[in-house]
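Good morning, colleagues. I ask that you keep the sequence and the structure in view while I speak.

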Amino acid sequence: MDNTRKLHPSTIAVRTQTERTNQMEHSTPVFLTSSFAFESAEAMRAAFADETDDNIYSRYSNPTVDEFAHKIALLEKCEAGFATASGMAAIFSSFMALLKTGDHLLCCRSMFGGTNTVVTKFLPRFGIEYTLVGAADIDNWEAHIKPNTKMLFLETPTNPQLEIIDLKKAGAIAQKHGLIFNVDNCFATPFLQTPADFGADLVIHSATKWIDGQGRVLGGAVAGRKELVHDIYLFCRNSGPALSPFNAWVLSKSLETLGVRIQRHSENALTVAKHFENHPRLEWLKYPFLPSHPQYDIAQKQMLAGGGIVCFEIKGGLESGRRFMDNLQILSLTPNLGDSRSIASHPASTTHSKLSEEERQKVGITPGLIRISVGLEHVDDIIYDIEQALEKA
Ligand SMILES: *Cc1c(COP(=O)(O)O)cnc(C)c1O
């Protein structure tokens, strides 16, 4: 093959795999082994001395896990990748490996619940400060940068409010101030958006969501600049959030179909969003590729499609939200997203129920907020189910 010709992402996703063994397997094998054997004491010594890159132990490296991490790095247009047991393990490791006591983290306000807890509850225990900044306020972010600011972390689109952050502006701010630019790209996937194009030094994934795509396994990954990924690897190698080779195999096979799946998820989601945009039972509906979305222009610039998540506010608040959930016949009630099965969730009565009403307002969780992860069922059936449940809400 001509090595100078650049392959398209869908080809990379299908054709990247570990070197074929002498068994001549066609599909990629799974190396389900905790450790690796050596021919001699000398070979083992050399591996431990980092003189060779032989596999030693699956907490450090494993061919199936490395295949998955390598594929993510290629798709994200990054130099290196490392895979972890979950998305949270990837996010936490990127903080622990690269921040220290006395550092300051600039972070977007609307973000995944687990990330919020790590940033606001755990990092301060290690003396790492943070400031939360809003997506719409990006032109003022520089005012929050301090001499000890080390990293800019954000997700876009955000979970669950679907805010879009301007990656070009954020990347320029990070570069100007020498900050590590760390982006959670879970909602878009590398098929809709590659943050490295905008200067991201690190790109993080919860592979549990769209990458698995069928709600089977947990997994996570970090891709980015070689030296930063190496620091994260050293932290993980010693602290232990290793991805199971079996899960890595599931996720690596899943990447082969991610491109076509995310395209269909996005088409279905856009159809659902257009259908319900002006529905009389809704206060509002949000989808990145509807012109009514407050950051529609930015979404158009940095994403190839709007992704699979639609959210809306049901009239009548908390009780209407609960009735809507109870009346769904096809959509699942489960705290996951990015599945072939459509999923509805009601943050105010579930993931964010422990917060006070005031705290929920602050992070944008309104009482009747419903998040729909639009699946791969026929879109007419998805629309039918949402419609009949809205009538009873
Ligand atoms: C789910 C999610 C995570 C956490 O991933 P896990 O695999 O559940 O640990 C992080 N970021 C975003 C945006 C998510 O949706």
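This is a predicted model: local features need pLDDT of at least 70, side-chain atom pairs count only at pLDDT 80 or more; totals for chains, interfaces and linings use all residues.

Asn-159 places a polar side-chain atom 3.0 Å from an oxygen atom of the ligand.

In the side chain of Thr-208, an N or O atom is 2.6 Å from a ligand oxygen atom. At Gly-87 it is the backbone that takes part, with a polar atom 2.8 Å from an oxygen atom of the ligand. How much of the ligand's own accessible area does the protein cover? The ligand on its own has 380 Å² of accessible area, and the protein covers 92% of that.

Let us turn to the surrounding shell. There are 14 residues around the ligand, and those that come nearest are Met-88, Asp-184, Ser-206, Thr-208 and Lys-209. By class, the shell comprises six polar, five nonpolar and three charged residues. Which helix gives the most to this shell? That is helix H4, residues 87-98, with three residues.

I now move to a pair of helices. Helix H8, residues 245-276, and helix H12, residues 379-391, have axes that come within 10 Å and cross at roughly 35 degrees. The crossing of H8 past H12 is right-handed. On the H8 side, the contact is made by Asn-268, Thr-271, Val-272, His-275 and Phe-276. H12 contributes Val-379, Ile-382, Ile-383, Ile-386, Glu-387 and Leu-390. Sorted by class, this contact of H8 with H12 has seven nonpolar residues, three polar and one charged.

Thank you for your attention.

Conventions. Residues are numbered from 1 along each chain as its sequence is written. Side-chain values use heavy atoms; hydrogens and water are left out. A residue is near a molecule or strand if one of its heavy atoms lies within 4 Å of it. A polar contact is a pair of N or O atoms within 3.5 Å; within protein, one must be able to donate a hydrogen and the other to accept it, and residues adjacent in sequence count only if both atoms are side-chain atoms. Accessible areas come from the Shrake-Rupley method with a 1.4 Å probe; for residues, only the protein chains shown count as cover. Helices (H or I, at least four residues) and strands (E, at least two) are DSSP runs, numbered from the N terminus. Ala, Val, Leu, Ile, Met, Phe, Trp, Tyr, Cys and Pro count as nonpolar, Asp, Glu, Lys and Arg as charged, and the others, Gly among them, as polar. Axes are lines fitted to C-alpha atoms, for helices over the stretch in contact, and angles run from 0 to 180 degrees between N-to-C directions. A crossing is left-handed if the near helix is turned anticlockwise from the far one by less than a right angle, and right-handed if clockwise. Contact means heavy atoms within 4.5 Å.
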